[in-house]
Amino acid sequence: MEVRCARHLSRNGAESEQKLIPYVSRVRAYERRFPTCPQMPIVLDCEIIEDNLYDNGARRDTKRRCKIAVEAPYLIKKIIGVDVVFFIQKNFLDMKTRTLNIEATNESFATRVEIFEKCRYYAHPENPDWTCFDQTATLDIKNFFGIEHSMEKMGMKQYTQTTLKGKEIIEFFVNELKQEGITHVEKWTDGEMANSTSATTNTTPPEKPPLCRDNSILDADYIAKYLGQLTPLQESKLVQLRKRFEHGSSEHPEPDYQTLLRFLRARDFSIDKATAMLQESLQWRKEHRIDDILSEYKTPAVVEKYFPGGWHHHDKDGRPLYILRLGTMDVKGLLKSVGEDELLKLTLHICEEGLKLMNEATKLFCKPIWNWCLLVDLDGLSMRHLWRPGVKALLRIIETVEKNYPETMGRVLIVRAPRVFPVLWTIVSTFIDENTRSKFLFFGGPDCMHAEDGIEQYIDTDKIPSFLGGSCNTLIHEGGLVPKHLYKSESIEETNGAIHAHDHHGLYKAVDLKPGQLFELLIHNTDPKSVLTWDFEVLKNDTLFAVYHTEKELEQSGNDDFSSVFDMPDFKEGTNYKKIEQSVRCRPKEGVQGSHEMASTGTYVLQWMCPPSCDGPAQLMYFHEILSSANYKGSMTSLQSGFSSNSLQSR
């Protein structure tokens, strides 16, 4: 049976800013390690088998065959039958770019075990007199006389010790050089090139490819600079995913590592699932010309004037910050004036801008920035924002973004959330990836800046917008109502009260009521502080709606649909039960959404009634949901300050 194990040991840039030893002195010190050195007693001998100079001595490639003592228990030595093994070491010294790359692979037992070590010395990019050092090692055991597990543990221990000695050995020989009076070696110069009068060429070294050694290992410096911390297994899967997309084309360019990593994270590092998701996204990008959207997209005039969103500095973690004043946004007006497709295109343009800004932030802050921050101001949010076509458009946008821009949202700050928000959140949150939902933070009430656990934790005080109590002005439009003369009648089609199965994935139920007939929905609450939310739309004739509460455990009434569960002897309103939401009269094509914190146990009743004076039956579609107290307190506690006692009718 074949057993395959893989381990990566890495140590990246550990001394980048610790020693002011000239770079070339480090190279001279390294050369003194051979053929043997006291710090590495397991190295018995090193023989140079190739040594070549190139570019007038600027580059030197050296190949050595090293004899290594086997540090293993007697029994393992007996099984494998050897006391020494041989390694091939290759050194690549480039005096122009001031880099020394070292690679070592095992020659002994190469078909059973693959060992690869890599070291790199290079000049610090900001201070050429400093030296950076990184070292990695990988161990891949395919099969080894049935003792694979023991060899894996032994190998891991040995190579951990080896990587830790890299710096120690160089420091020893640097001090030895200093004792001999050698503290500096002149930098290499190409005299012939300097005196040449011919056309000069750009001698700046090209950016080092992120993959090295047969494209099997990511460059450690690249990971630290652009990707952030990765486990060996995650790095391995990233490389594997990259190989599946390495043959890009002009139509299907090869995805960069940040993109590959985002799709891997979105699928819990399942290579097959990430591959399928990314392939679909690449095809979608091709069909919709997404790669050209930044250069080709032209913002419609109505969007420029009435869309209340825009980029605004960065959050405290360096993420680009986008602000959306949803509460002042005329959802219906924008949809009727530009259409759903245009709003989706606007969103995609924002997402592409976000990718660009993340790359710029990575360079600006010298650390990986691979997601952005969204601040949503809900001040002014009302039932008009829950207009059916608007919710439908929002769900489509969320679905598209989730599929094609996974893991780009680092944090979502919901500020000044009013009472109606739990209804919208109940509908929308089911379409948001669970990992993305965990990044939402909610702030209710007018003072979201200075309150305990306020947004000052996440945004620098001098960058908080003035409309939230900060001192920073923004160029973000305040929104407002879109004039009706800008509407395009064909942009939104409204069917006569019909709610298709596609809307909210069939969450709504239908009810027909004859004049004078009641429909009551009983909710038995055993979870104090949970939140009851409702949303319904009247399709035909007027309907009266109210919410009641009693501490008694009521049961659904019998077959008499013209009487209430409260129609019992000696059962009086105000004494045995009370109306907690005053009656709302809804006209056809109107909707009501609301929420109520169920502070007590007992029975809560949602009641609809077709007035006896109606000339025909009423029809409605309804939906309700309960947010548990645990979830409510964990994510929306601050919304309590935005509650009122009356239901709000859509406008």
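In this predicted model, the largest nonpolar core holds 57 residues, and the members that touch the most others are F307, L374, L378, Y405, I414 and F421. The biggest contribution to this core comes from helix α12, spanning residues 340-365, which supplies nine residues.

With residues up to four places away in sequence set aside, Y405 touches R262, W284, R285, I290, L348, C351, E352 and L355. F421, for its part, belongs to helix α14 and is one of the buried residues of that helix. Helix α14 covers residues 421-429, and nine of its nine residues are buried, so the helix is mostly covered. Besides F421, the buried set comprises P422, V423, L424, W425, T426, I427, V428 and S429.

Turning to the strands, β22 (residues 618-627) pairs with β15 (residues 509-513) in the antiparallel sense over five bridges. Within this pairing, V511 stands opposite L620 of β22. Strand β22 also pairs with β17 (residues 530-540), again in the antiparallel sense, over nine bridges. Here K540 has Q619 of β22 as its bridge partner.

An open sheet is built from four strands in the order β16-β21-β18-β19, with antiparallel pairing. The edges are taken by β16 (518-525) and β19 (578-586); each has a single partner strand, so one side of each is left without a neighbour in the sheet. On average, and with direction ignored, neighbouring strands of this sheet are turned by 15 degrees against each other. Between β18 (residues 543-550) and β21 (residues 602-609), the antiparallel pairing extends over seven bridges. In that pair, F545 stands opposite W608 of β21.

Finally, the cysteines were considered. A search of the whole structure finds zero disulfides. C46 has a relative accessible area of 11% and is therefore buried, the cut-off being under 20%. C119 likewise has a relative accessible area of 11%, so C119 is buried by the cut-off of under 20%.

Methods: Residues numbered from 1 in each chain as written. Predicted model: local features only at pLDDT ≥ 70, side-chain atom pairs only at ≥ 80, totals over all residues. Heavy atoms only, no water. Buried < 20%, exposed > 50% of the residue type's maximum accessible area, 1.4 Å probe, protein only. Helix = DSSP H or I, 4+ residues; strand = E, 2+ residues; numbered from the N terminus. Core = buried A, V, L, I, M, F, W, Y, C linked by side-chain atoms within 4.5 Å. Contact = heavy atoms within 4.5 Å. Pairing = 2+ DSSP bridges. Disulfide = S-S within 2.5 Å. Axes fitted to C-alpha atoms, helices over the stretch in contact; angles between N-to-C directions.
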